[in-house]
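This report goes through a structure one part at a time.

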Amino acid sequence: MNGKELTAKSFALRKDVVEMIRRGGGGHFGGDFSVMDILVTLYCLHMNVGPDRMDDPDRDRFILSKGHSVEALYAVLCDRGFFSREELATFSRFGSKYIGHPNNKVCGIEMNSGSLGHGLSVGVGMALAAKMDERPFRVYVVMGDGELAEGSVWEGAMAAGHYGLDNLTAVIDRNGLQISGSTETVMAQNSLRERWSAFGWNVLEAEGNDIAALDAAVIRAKGCRGRPSVIIANTVKGYGYSAAENQAGWHHKVPTAEQYAAAMAELEERRVNAL
Amino acid sequence: MNTVPNRQIICDVLMERAAVDRDVVVLCSDSRGSASLTAFADAYPAQFVEVGIAEQSLVSIAAGLASCGKRPFAASPASFLSTRSLEQVKVDVAYSGTNVKLIGISGGISYGALGMTHHSAQDIAAISAIPGIRVYLPSDRFQTRLLIQALAQDDKPAYIRVGRNPVEDVYTQGDCPFAMDRATLLREGGDVSVIACGEMVHAAREAGEMLAGKGISTRVLDMYCLKPIDREAVLRAAYETKGIITIEEHSPYGGMGAMVSQIVAGTRPVVPVRSLALPDAPVVTGASKEVFDHYGLNARGIINLAEELIRGV
């Protein structure tokens with residue numbers, strides 16, 4: 001699949017997210033939309049994962065540390081054949097395993113998340129296991145920028161730098177917004193490059209809603225030796241539906257009937273235009 | 001008097017296991033010395049992970065290792081491991097179902113004069129409330145060995161608390177009956193039952209012998225398995241003896257006494273349960289024995305309660 005087709009796919013998957021949130025009666029709309037291109041890049045261009053490889057010890061490992069963006073992950077996993085659309089249609093319903101944060105009862109999900117600040121250290125453990133057993137797999141951890149206020153993130157960052165885990169790549173969905181507003185007013189996340197660099201990381205930056213740019217950054221991360229890499233992916237919260245873009249109010253929201261129709265129409269238009 | 005602390009036994013067993021199972025991994029948070037794991041770190045550097053003073057990441061890293069097939073044992077002072085890392089224990093270990101064994105060292109009040117920051121009087125309550133993880137407080141070095149040997153070969157999460165100092169033997173080499181998740185019957189009796197865990201088991205056994213001398217037939221149970229607690233042994237005690245005394249190095253809230261009371265209240269409420277525990281307060285400054293004696297967590301305290309119970313029934 002070429003870049004244009006993947007970009008189109010990522011708009012189509014956002015439509016699936018809108019459906020999911022509408023039917024499920026809740027979901028983290030803004031973050032789902034900002035992170036989508038990161039997930040599409042990893043799942044469609046880089047990670048050697050698939051529904052038939054979940055027992056393969058050499059499969060790449062993925063952790064969605066910003067677990068509240070699970071609707072985007074479900075849409076991607078469903079697209080990659082990990083489960084059917086019918087199964088996913090039970091999202092948020094009574095007794096469903098497709099809940100509002102990742103859990104490993106769902107095929108394709110390695111670890112449970114939702115409580116922020118855990119994923120990076122878990123990824124450190126996975127990357128250490130790969131080193132111990134000399135296995136070739138890589139570990140990817142996607143975090144939110146608001147999440148970086150959790151102290152435990154920096155415990156993991158410290159350990160990854162200390163052990164020089166070059167098989168670990170962190171991606172920060174840098175959309176600049178969290179529930180209460182701008183990340184810079186809630187708890188400033190400035191100097192991110194310097195912070196990660198000081199912890200011994202190879203720091204990369206990319207346009208986070210541009211699959212070609214993300215692809216190039218992941219390739220550079222894979223090529224880095226002796227240090228873990230972090231990609232600061234500069235995204236737009238709500239990217240794909242202009243009324244939701246850069247609006248903190250869309251962090252967790254169910255669209256009204258009008259918003260639903262407008263979002264679906266705009267996403268379809270952008271999907272077609274991408275091709 | 002035994003001079004080998006239980007933590008040393010854990011190191012011995014893990015070194016034996018590491019020699020035959022390269023997936024056995026030990027993690028420490030600048031705690032290898034206090035956990036008696038320096039010998040492991042020196043002998044198996046490729047199976048040892050130092051995370052620094054970072055107990056949250058200690059647990060998460062262990063969970064990541066376990067998810068890739070390793071058998072991690074994460075050792076850190078019980079005070080920090082059980083409450084500072086509780087979120088990681090809940091999510092990354094218990095909820096994700098990773099095969100992590102958490103070794104809480106210097107548990108209970110064994111850090112003595114270091115104060116409440118270093119005491120873990122809430123660990124049974126905190127961790128038992130989380131679904132999907134087991135809780136063990138072995139009593140002596142022989143039982144600790146058998147427990148760790150069993151845990152090193154199973155695939156489910158567990159928290160194990162041991163104290164800092166050597167404790168008197170309850171069992172002997174070659175005579176340590178052990179069945180996983182079953183209380184060990186140390187003494188049969190029909191008047192009262194004493195249910196103890198961890199370092200309190202020795203006092204319970206002593207009390208059982210002294211009570212027998214006074215004509216009070218006392219059943220003594222070593223409830224090293226707090227979760228899953230041996231419900232059957234508790235029920236038998238409730239039906240076959242006239243009263244139950246529990247004794248533990250833990251807060252009066254949410255520990256073994258509360259668990260036993262819950263079982264008895266729901267099945268045979270006529271049987272009185274009396275619990276000996278640490279106070280709901282920072283404990284008095286002192287070495288373990290001084291602190292236990294101060295609060296009546298000893299044979300004398302058990303005997304007093306047993307006599308009270310017998311008078312009352």
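## A loop in chain B

P228(B) sits in the loop between β10 (225-227) and α9 (231-240) of chain B. Helices (H or I, at least four residues) and strands (E, at least two) are DSSP runs, numbered from the N terminus. The peptide bond between K227(B) and P228(B) is cis, with omega about 0°.

This is a predicted model: local features need pLDDT of at least 70, side-chain atom pairs count only at pLDDT 80 or more, and totals for chains, interfaces and linings use all residues. Residues are numbered from 1 along each chain as its sequence is written, while chains are lettered from A and ligands numbered from 1 in the order in which they are written.

## Chain B as a whole

Chain B has twelve helices and twelve strands. Its radius of gyration is 19 Å, close to the 20 Å that the globule rule gives for 313 residues, so chain B is as compact as a globular protein of that length. The radius is taken over C-alpha atoms, and the rule is 2.2 Å times the number of residues to the power 0.38. Along the principal axes, the C-alpha atoms of chain B fill a box of roughly 60 × 40 × 35 Å.

Of the 313 residues in chain B, 58% are buried. A residue is buried if 20 or more other C-beta atoms lie within 10 Å of its own, exposed if 12 or fewer, and partly exposed in between, with C-beta atoms placed from the backbone. Among contacts in chain B with a separation of 6 or more, 78% are between residues 24 or more positions apart. Two residues are in contact if their C-beta atoms, placed from the backbone, lie within 7 Å.

## Two domains

Chain B is divided into domain 1 (6-161) and domain 2 (184-312); such bounds come from an automatic or database domain assignment. The C-alpha centres of these two domains of chain B lie 27 Å apart.

In chain B, 22 residues of domain 1 are in contact with 26 residues of domain 2. On the domain 1 side, α6 (123-128), β5 (134-136) and α7 (141-151) of chain B each supply at least two residues.

## The nonpolar core

A nonpolar core is a set of buried Ala, Val, Leu, Ile, Met, Phe, Trp, Tyr and Cys residues joined through C-beta atoms within 7 Å. The largest one has 186 residues, of which M223(B), L226(B) and I302(B) touch the most other members. Helix α2 (residues 29-46) of chain A gives the most to this core, with nine residues. At least three residues come from each of domain 1 (6-161) and domain 2 (184-312) of chain B.

Leaving aside neighbours within four places in sequence, the contacts of M223(B) include A183(B), I195(B) and M256(B).

## Where the chains meet

The contact between the chains takes 22 residues from chain B and 21 residues from chain A. On the chain B side, α3 (55-67) and α5 (86-95) each supply at least two residues. The largest share of that side, nine residues, comes from α3(B).

## Two residues with positive phi

S92(A), a residue other than glycine, has a positive phi near 70°. S92(A) is found in the loop between α4 (85-88) and α5 (119-133) of chain A, and counts as partly exposed because 16 C-beta neighbours lie inside 10 Å.

D30(B) also has a positive phi, near 60°. The loop that holds D30(B) runs between β1 (24-28) and α2 (38-43) of chain B. With 14 other C-beta atoms within 10 Å, D30(B) is partly exposed.
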